[in-house]
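Visitor: I'd like to learn how to read helix packing and sheet layout in a model. Can you walk me through it?

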Amino acid sequence: MSHGPRSGLLAVSTALLAMSRHLEVRDVLKTIVASARDLLDAQYAALGVPDDHGGFAQFVVDGVSDAQWKAIGPLPRQHGILAAMLHEARPERLADVRKDPRFEGWPAAHPDMSDFLGLPIRDGDEVIGALFLANKNCPKPEGSCGFTEDDEELLGILAQHAAIALTNARLYERSRELTIAEERSRLAHELHDAVSQKLFSLRLTAQAAAALVDRDPDRAKGELQQVAALAAEAADELRAAVVELRPAALDEDGLVATLRTQIQVLDRAHSARVTFDSCGVRALPAAQEEAMLRVAQEALHNALRHSGAARVDVTVEKRGPGAVLRVTDDGGGFEPQATRRAGRHLGLVSMRDRTNGVGGELTVESAPGKGTTIEMEVPGG
């Protein structure tokens, strides 16, 4: 870290501005962690948001590669130093975390850590998270901690603002969820009223046609023509409703942010680890974004409900002028040809129809015991 009050103030200001730019909870968490690591010049940083079951609803790291994180395995539980941070709610500054009596070890792939600084993130009296830093990048005499009292004070300032940024992001997401729910409720009522009326008319007209078939075939023919017209009107009503039901978040945030938010929810709701990553994807035509979202949702549903997967990874990346969606799970897999012959399509027909409808290509790779990868490529604008 640069020395002197002006450079320190600039670093804090930069970190706070970065946090305030984001409204998605996951983005805020990642920004807090990256800012803390940069601000205090640490090798590793992490932020845990506790759930109500002794684990973490979210756990974000910085300084650990994707390959390392994948090798480490499931999210940590609230035990040892992590538990102390959350339940005792006080700062912890240690010369060597491994020598603390509360230390309970870590997975084989976990990076080695020594000096440690941890601080709770509070919203009033509630601890809503904890920041962890390890391995200060500075010379350290044997048995001493690289993190200083000044570092602890600086991290405390960051934690206070992190609480505000995190609370604001949660309020924003909750507000958006309520808005979407209200809009869907309104559309549901409109759909029910419009289509119910059409179906009622269809039923009466069909009954009239049936009664006239024997004694007045010409009138029966006229009634059947009316049935066809009413059916066409009902179909138009349904199409209009489906167009309106395009996810509001897609229009507001685009495909990447919408997928990230939905996958965060799935990651919290299921025992399987569900991850999302994107690379270089810009806005696509609206129809393509909606098709990719629906295919992702269908593939995620299959992986989480039927495959027995412990991990599901979703990626969206740029390919030429278009993009590729990939959903990979480590579940039980299946034989695609056998599934098709048995009439159990697992949503594959729907996914292919949606992909073909936007000029894309869908590939499915799976085998019993080998997991499943579903890849959807769209050509772009």
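Visitor: Which hand does the crossing of helix 8 and helix 10 have?

Guide: This is a predicted model, so local features need pLDDT of at least 70, side-chain atom pairs count only at pLDDT 80 or more, and totals for chains, interfaces and linings use all residues. Residues are numbered from 1 along each chain as its sequence is written, and side-chain values use heavy atoms, with hydrogens and water left out. A crossing is left-handed if the near helix is turned anticlockwise from the far one by less than a right angle, and right-handed if clockwise. Here helix 8 and helix 10 cross left-handed. Helices (H or I, at least four residues) and strands (E, at least two) are DSSP runs, numbered from the N terminus.

Visitor: Which residues make the contact?

Guide: Contact means heavy atoms within 4.5 Å. Helix 8 brings Ala-291, Arg-294, Val-295, Glu-298, Ala-299 and Asn-302, and helix 10 brings Met-351, Arg-354 and Thr-355.

Visitor: And at what angle do helix 8 and helix 10 pack?

Guide: Two packed helices are described by the angle between their axes and the distance between the axes. Axes are lines fitted to C-alpha atoms, for helices over the stretch in contact, and angles run from 0 to 180 degrees between N-to-C directions. Helix 8 (residues 286-306) and helix 10 (residues 348-357) pack at about 165 degrees, axes 9 Å apart.

Visitor: What about the strands?

Guide: Strands of a sheet pair through backbone hydrogen bonds, either parallel or antiparallel. Two strands pair if DSSP finds at least two bridges between them. This open sheet has five strands in the order 6-7-8-10-9, with mixed pairing. Helix 10 lies across strand 9 and strand 10, at about 150 degrees to strand 9. Strand 9 and strand 10 (residues 372-378) run antiparallel, joined by six bridges, and Glu-365 stands opposite Thr-373 in strand 10.
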